[in-house]
Amino acid sequence: MLTVRLFCAAGMSTSLLVNKMIEEANKEGKEVDIVAYPVNELDRRLDGVDVALLGPQVGYMKKKAQKIAGDAGVPLDVIPMADYGRCNGKAVLALAEKLAK
């Protein structure tokens, strides 16, 4: 089971992307737990998480977020703008899997 948390400005704009990622995982027969939250909840939402991803609109917070995630032992990166804008669940799921390894 891959546990992924996406963090964005309000936690709502990524809901479509979360659904696309879950659909893709289901197609590939993979078990995932993917949820989106507002970025200000990052420090409270990392328990048991394999990967944290930031929406591009909060990418400017990457350095601070990496410190928080790093202290929790969770890899973190920013979702590429093109994949986010296109709701490319397959590409973002692949990014999460790559970071989790």
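Here is a friendly chat about the predicted model shown above.

Trainee: What should I know before we start?
Mentor: This is a predicted model, where local features need pLDDT of at least 70 and side-chain atom pairs count only at pLDDT 80 or more, while totals for chains, interfaces and linings use all residues. Residues are numbered from 1 along each chain as its sequence is written, and side-chain values use heavy atoms, leaving out hydrogens and water.

Trainee: Is C87 buried or exposed?
Mentor: Buried means under 20% relative accessible area, exposed over 50%, and partly exposed in between, using a 1.4 Å probe and protein chains only. C87 has 19% relative accessibility, so this residue counts as buried.

Trainee: And N40, buried or exposed?
Mentor: N40 sits in the loop between β2 and β3. Its relative accessible area is 56%, so N40 is exposed.

Trainee: What is the strand order in the open sheet?
Mentor: Strands (E, at least two residues) and helices (H or I, at least four) are DSSP runs, numbered from the N terminus. Two strands pair if DSSP finds at least two bridges between them; β1 (residues 2–8) and β3 (residues 51–54) do this in the parallel sense over four bridges. The sheet has four strands with parallel pairing, in the order β2-β1-β3-β4.

Trainee: Which strands are at the edges?
Mentor: An edge strand of this sheet pairs on one side only. That describes β2 (32–38) and β4 (76–78).

Trainee: What angle does helix α1 make with β2?
Mentor: Helix α1 (residues 15–27) packs on the sheet, touching β1 and β2, where contact means heavy atoms within 4.5 Å. Axes are lines fitted to C-alpha atoms, for helices over the stretch in contact, and angles run from 0 to 180 degrees between N-to-C directions. For α1 and β2 the angle is about 175°.

Trainee: How many residues does the largest nonpolar core have?
Mentor: A nonpolar core is a set of buried Ala, Val, Leu, Ile, Met, Phe, Trp, Tyr and Cys residues joined through side-chain atoms within 4.5 Å. Those with the most contacts inside the largest core include V4, L17 and I79. The largest core's residue count is 17.
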